[in-house]
Amino acid sequence: METPNQFVQWLRSVAPYIHAFRGKTFVVAFPGELVTAGALPVLAQDLSLLVALDIRVVIVHGSRPQVAEQLALRNVEGRFHNGIRITDTAALECAKEAAGELRLDIEAAFSQGLPNTPMAHAAIRIISGNFVTARPLGVIDGVDLELTGMPRKIAAETIHAILATDSPVLLSPLGFSPTGEAFNLTMEDVAVSAAIALHADKLVFITETPMMLDEGGAEIRELSSHQAEAVLQAGFLPADAAFYLQHAIKACNSGVPRAHIVPFEMDGSALLELFTHDGVGTMISHENLESLRRATIEDVGGIIKLIEPLEADGTLVKRGRELIEREIDQFSVIEHDGVIFGCAALYPFPESKMGEMACLTVNPDVQTQGDGERILKHVENRARAAGLKQLFVLTTRTSHWFQKRGFKPATVDALPKDRQHMYNWQRKSQVLIKSL
């Protein structure tokens, strides 16, 4: 942060997420490629911060490159069918050795505690165990996958009890059958099964794949599960990205509210994805995260926080909490993932068939994304539904913005009589009117 003020503004901007995430359960999964790239110590620091913020964290690691390395050391060639490893006895031994080594590396990363580092004063006790019951995948397309399996059951009650002690839980891509057999699993299957069984609030894949792009090359920031299925069917995604997306869709369709696919190439990508409005990856939800709707009494606090800076600099007329509570039915809000980023109020004057749009405000961090335009359209639709023929605004600083959207300058005399009597001649607000 270049200035103390920037730090304060940043901390205030992440506070709603901190409050919203407290006590929630996140399943965070990452591939073995992240460890190979040397990114494990930084990820451990970031996940430790989540634990410190009272977020319950379940970690799932992958081990594909580590297993391949072990196979190469033993001069054993890896075998695959449709991208799934065929696990014979030799490959299973390599998977066990890789998982054991990775578990120790992860435990060591969470044991960091040097002064003047993000892990200073942290006392993270990460817990692992035989929490995944598995079964064999069996024969697919006539190919016996041998000791390759899939999760059958997650010990959810045991894991929840551990999470309640503020300890993160570590799951490896291995599972065990009631007969004592071990099976090689995919990290993605374990992560999805854990997220579903634990009723997790988020599933986060920290991936080796770059940011997902659509067919035109634009970044894919947010998808509903239905939109994500359409993207998969279109077939333009690289195979690895499609594999992650397929599992994210499965999680969301099975009750996990949010799934994130976040490239690990950016430092702190997990924190940026979780604690900023736009994130740095792709978010999949069962429903559209963004909501443009009529306000309720629960939104009063969010509206006040949004408009206070503009009241302080004189852009908006000051409104107390009591006034906003009384007039909450007049307000509309736009929220994203539970955080209010914009609002506006509509005050009808039925006798004149006119309405006043007031208090149009959008969070400065997202003002270039069209939210103001969308709120305006929403208020216009509300006004039409109420039988109003014209919409007017009083503004001291944004007249050009409204004129670009069809509002025309007018005089105070053009306002409804009741509104003329309330006009503040000291503010000398410009009057702009739009026919609906």
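Guide:
**Packing, up close**

Asp371 is buried, at a relative accessible area of 3%. Buried means under 20% relative accessible area, exposed over 50%, and partly exposed in between, with a 1.4 Å probe and protein chains only. Asp371 sits in helix α13, residues 371–385. Helices are DSSP runs of H or I, at least four residues long, numbered from the N terminus. From Asp371 to Phe402 is 31 residues in sequence and 14 Å in space, C-alpha to C-alpha.

The model is predicted: local features need pLDDT of at least 70, side-chain atom pairs count only at pLDDT 80 or more, and totals for chains, interfaces and linings use all residues. Residues are numbered from 1 along each chain as its sequence is written, and side-chain values use heavy atoms, leaving out hydrogens and water.

Now the core. A nonpolar core is a set of buried Ala, Val, Leu, Ile, Met, Phe, Trp, Tyr and Cys residues joined through side-chain atoms within 4.5 Å. The largest one holds 55 residues. Val27, Ile159, Leu171, Leu203, Phe205 and Leu245 touch the most other members. Helix α9, residues 239–253, gives the largest share of this core, eight residues. Another core lies apart from it, with 53 residues, including Ile124 and Val280.

Take Phe205. Beyond its neighbours within four places in sequence, its contacts include Ala29, Met187, Tyr244, Ala248 and Ile261. Contact means heavy atoms within 4.5 Å.

Next, α9 and its partner. Helix α8 covers residues 225–234. The axes of α8 and α9 come within 10 Å and cross at roughly 150°. Axes are lines fitted to C-alpha atoms, for helices over the stretch in contact, and angles run from 0 to 180 degrees between N-to-C directions. So α8 is roughly antiparallel to α9. Angles under 35 degrees count as roughly parallel, over 145 as roughly antiparallel, 65 to 115 as roughly perpendicular, and the rest as oblique. On the α8 side, Ser225, Ala228, Glu229, Val231 and Leu232 make the contact. They meet Ala242, Leu245, Gln246, Ile249, Cys252 and Asn253 of α9.

One more pair. Helix α3 (residues 40–52) packs on helix α5 (residues 89–109) at about 55°, with axes 9 Å apart. That makes α3 oblique to α5. Leu40, Pro41 and Ala44 of α3 meet Asp105, Ile106 and Ala109 of α5.

Methods: Helix = DSSP H or I, 4+ residues; strand = E, 2+ residues; numbered from the N terminus.
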